[in-house]
Amino acid sequence: MALTKLTVNGKVYSVDVDPNMPLLWAIRDVIGLKGTKFGCGMAQCGACTVHLNGTPVRSCSTPVSVVKTQKITTIEGIGTPDHLHAVQQAWIEEQVPQCGYCQSGQIMSAVALLKQKPNPSDEDIDTYMQGNICRCGTYQRIRSAIHKASGLLQEKKPVKTTPAPVGK
Amino acid sequence: MKPQHTSRRGFLKAGGSAGALLALGFSLPAQAGDVVLHKIEKTALGLELSPYILIDDTGKITLLNPRPDMGQGTYQSMPALIAEELEVSFDQIHIIQTNGQGKYGAQLSGGSSSVRTRWIPMRKAGAAVREMLIQAAANKWKVPVAECFAENAKVIHRPSGKSFPYAELVEEASRLEIPKEPKLKDPKDFKLLGKNIPKPDVPLKVTGRAQFGIDVEVPGMLYASIERSPSIHGKVISFDDAAALKVPGVKKVLKAERAMPHLTVETVAVVATNYWAAMEGRRKLKVQWEKKDPTYLATDTYSARLKELAGKESSDFAGNKGDFAAAYAGAARKIQASYETPFAAHAAMEPVNATAWFKGDSLEIWAPTQGPDGTISELARYLNLKPEQVKVNVTFLGGAFGRKAYLDFVKEAAFLSKAVGAPVKLLWTREDDMTQGPYRPAMLSVLEGGIDAQGKITAFHHKIITESIQEQVFKADLKGKADGWTEEGIGEKDSPIEVPNIRRSYLKARTDLPIVWWRSVYASTNVFGHESFIDELAHAAGRDPLDLRLELFKDSPRFVKVLETLAEKSGYRQKRPAGKAMGIAIARSFSTICAHAFTVAKTKDGVKIEKVVSVIDCGMVVNPDNVRAQTESNVVYGLTAALKGPITYADGAIQQSNFHNYPVLRLPEMPKVEVHIIDNQEAPGGVGEPGLPPIAPALANALFNLTGKRVRKLPMELNG
Ligand code: FES
Ligand code: FES
């Protein structure tokens, strides 16, 4: 065990863990942020995707010891129901999630993609997102939601901050 | 509308104003489809009765949702049925997930049954409350009931324009009799049903806030990971836990058990203060397992056995017609083919898990279970408790597809909590999930068809050879007869093809590999053989496959409509350029008809699936967007099973362990999918599963048209 400082979503946490512990379990079980999911434990499914200094990584296969001072962003740091990120907004408008379990990881990958390529083609999306599995099969909607988010981000006007209307 | 999960106590609080309330429950007596409504006195709330609708004098409307949500949209479809009749808008309802106590009626999410069985009862319950509120308003105003109507959570007096919000009518209404036959709304007046309404759980699921089983935390809980015999049917001879116990955080290593319906096997569990430590400890365990005959569960051996059985006498399904044997013997042309489907894993994204807290004389459990009531009864039996001593909290399910109706995992968690005397969260790894089952059973379909000189199909026999889920999982003794589920997709009702001599039959092929329902159950395997063979018959008879189906279904107008719509929307009758081909398949399952047209093309990188056009007739639609989403979902799940896998058992173990050697469909392989919904007023059918069965045969039929090669075994190779 060793005391380590982790910066998650702008907040510094001191955690006392085995340096080999994958970041995923430190985030979920020690820090208590549950939005990041476990799906395979071997960098195959993308459910555990978080950002290290803005770059997506598979937290199930990233030991706490390699994180050092890098800033960690999880789904909780992307947006909240009252202050949605454009990608989350687009995900709601396209009604992407089914069971929802893979969607934190999908959104983390999509946010990173749009930073790199603000205007991705279908091929760009397919290539970039192929590491994220969705067993509910929401792939087609993920494609269209990414295009929609790209549009929302480029409109430049501030993204709507209210959740999508329900029942209207 | 705010989805929330809560306990019974929470429920009381949710409905807990100090004043009057109107609570109406209903139960489904022996026969599903009808409903008995009953009023619930405030003092009885939370004690024994189980209301589905509750309105208090602050106007708060609470609904107990009796169906777990695993992605199929229950969260929305159930409340929509009530809200429509109750004349309230969607966001005025609070939903509470029920916790599995007996009075709620059957709660399993499975068999695409949620909307099908609740359609009328849920609406009747809503309509009864509406009529009571209208009557209450009429009484207060002393005007005829006919002058009043309900709208947007108010009762309005038409002539004067006066209105009462529901909140002010609750007290008066609670004194009224429940109407015996509440009048349901005319579908043309629906405001919610049939409309695209955003699902209320989506904002939670895009912000990481939905609570799945894996996210549950109970104060003082420990974490467990379980080492299992590679052979599945394991007995522990000995284990060495010295290294495991040295891992910081590991508290205890113990022999444990996995109680499956057909047998209980031994395991070794590591319990620790965090999950990572439990897994580390598990990796350091040395367990000596009893050796098993490696051929015992081998899938090769099983597949050979299926073929051996192909020539044996089988037992008939109900509804056979004419004399197949005689007609086949006398047919001008005889066609025979066999189709094989493998064992398949569910591989839901959330591995199974459960958090259990055994408190001596009671058990509380938090789990992503498909059946809260089954969870209670099985746990009660397992631990020798009364059902009232078991409390289940259902979380969101991160996918299930049948797996989370198999309740071995909740028993494992309960066993461990009892053994260590603390709350325990058990989480399976992906490897546990893939190597231990349960799986979809493998099947061999043997088909025979006779064609007369005019190209008419005169004889047809579909024999399926597989294991019975009802026997292995539900301990039925059917003496070699087919269980009720085996004919899904191909029985008389699901496949009303007009052939004068038709036979469908079943032959049991026992396996002890654990099996269970898998999305669309037997229809997922039956229909591959059935619909591929219809295509083979069409080609043999020189007929267009879609035209032949139109003829076979000529007395079933809903099938005809689906086929004609498919032809029109997919451009089936147009000429396709060289290097492109289309194939179709149709099936009815879970009371819904679905057909797909696959376009495949030869490209420089090999054969590609370009497009899937789907037509679905699921009767009256609650939420069209959800029907589209579920159909897209079935395309992906069905394509994975058609193209990837299989699950194989050799050398004493399952050979697949994670997504690197059991791949699933990924985004680049996703074809464009276009879904068309038939608009009608028929009773609603399922939507979570019926899109799946015709996937594999439609693709196989398209490949045949492209390459001339017939696929008779899954998974298939696009470039085989
Ligand atoms: S859990 Fe990390 S990639 Fe699957
Ligand atoms: S939404 Fe269920 S796995 Fe993606």
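User: What joins β25(B) to β26(B)?
Analyst: A hairpin does, running through two residues. Bear in mind that this is a predicted model.

User: How do those two strands pair, and over how many bridges?
Analyst: β25(B) and β26(B), residues 606-617, run antiparallel over eleven bridges. Within that pairing, V600(B) sits opposite I609(B).

User: And which way does β24(B) pair with β25(B)?
Analyst: Antiparallel again, over ten bridges, with β24(B) spanning residues 580-589. S589(B) faces T592(B) in β25(B).

User: What about the turn between β24(B) and β25(B)?
Analyst: That is a hairpin with two residues between the strands. F590(B) in the turn has a positive phi of about 50°.

User: Is β25(B) mostly covered or mostly open?
Analyst: Mostly covered. Ten of the twelve residues in β25(B), 592-603, are buried.

User: Switching to another strand residue. Where is S505(B)?
Analyst: In strand β23 of chain B, residues 501-508.

User: Buried or exposed?
Analyst: S505(B) is buried, because its relative accessibility is 0%.

User: Which residues does S505(B) touch?
Analyst: Leaving out residues up to four places away in sequence, S505(B) contacts S314(B), S315(B), D316(B) and F317(B), plus H461(B), H462(B), K463(B) and I464(B).

User: Charges next. How many salt bridges over all chains?
Analyst: The count is 60.

User: What are the details on E350(B) and K404(B)?
Analyst: Their side chains meet in a salt bridge, 3.3 Å from N to O.

User: Are E350(B) and K404(B) buried or exposed?
Analyst: E350(B) counts as buried because its relative accessibility is 1%. K404(B) is buried too, at 1%.

User: Which residue does R712(B) bridge to?
Analyst: E536(B), with the closest N and O atoms 2.9 Å apart. This pair also links distant parts of the chain, at 176 residues apart. R712(B) is in the segment after α18 (695-707), while E536(B) is in helix α14, residues 523-540.

User: How accessible are R712(B) and E536(B)?
Analyst: R712(B) is partly exposed, with a relative accessible area of 35%. E536(B) is buried, at 11%.

User: Which residues are in the salt-bridge network with them?
Analyst: E531(B), D535(B), R549(B) and R710(B) are linked with E536(B) and R712(B) in the network.

User: What does K188(B) pair with?
Analyst: D186(B), in a salt bridge with the closest N and O atoms 3.7 Å apart. K188(B) is exposed, with a relative accessible area of 67%. D186(B) is partly exposed, at 37%.

User: New topic, aromatics. How many pairs over all chains?
Analyst: A search of the whole structure finds 16. One of them is W25(A) with Y275(B), which is tilted: 4.7 Å centre to centre, 55° between the planes.

User: Why does that pair join two chains?
Analyst: Because W25(A) lies in helix α1 of chain A, residues 23-31, and Y275(B) lies in helix α7 of chain B, residues 275-283. Both W25(A) and Y275(B) are buried. Ring pairs also link W25(A) and Y275(B) with F38(A) into a cluster.

User: How are the rings of Y302(B) and F343(B) arranged?
Analyst: Their centres are 5.5 Å apart and their planes are at 50°, so the pair is tilted. Y302(B) sits in helix α8, residues 299-309, and F343(B) sits in the loop between β16 and β17, 41 residues apart. Y302(B) and F343(B) are both buried.

User: Which ring does R440(B) lie over?
Analyst: The face of W518(B), at 4.6 Å from the ring centre. Likewise, K140(B) lies over the face of F164(B), at 5.3 Å from the ring centre.

User: Last one, the largest nonpolar core. Which residues touch the most other members?
Analyst: L6(A) and W91(A), in a core of 191 residues. Beyond its neighbours within four places in sequence, L6(A) has contacts including V12(A), Y13(A), L23(A), I31(A) and I72(A).

User: And what does the second core include?
Analyst: That separate core has 48 residues, among them V143(B), V170(B), I178(B) and L193(B).

Key:
Residues numbered from 1 in each chain as written. Chains lettered and ligands numbered in written order. Predicted model: local features only at pLDDT ≥ 70, side-chain atom pairs only at ≥ 80, totals over all residues. Heavy atoms only, no water. Helix = DSSP H or I, 4+ residues; strand = E, 2+ residues; numbered from the N terminus. Buried < 20%, exposed > 50% of the residue type's maximum accessible area, 1.4 Å probe, protein only. Contact = heavy atoms within 4.5 Å. Salt bridge = Lys/Arg side-chain N within 4 Å of Asp/Glu carboxyl O. Core = buried A, V, L, I, M, F, W, Y, C linked by side-chain atoms within 4.5 Å. Pairing = 2+ DSSP bridges. Phe/Tyr/Trp six-rings, centres within 6.5 Å; stacked < 30°, edge-to-face > 60°. Lys NZ or Arg CZ within 6 Å of the ring centre and 35° of its normal.
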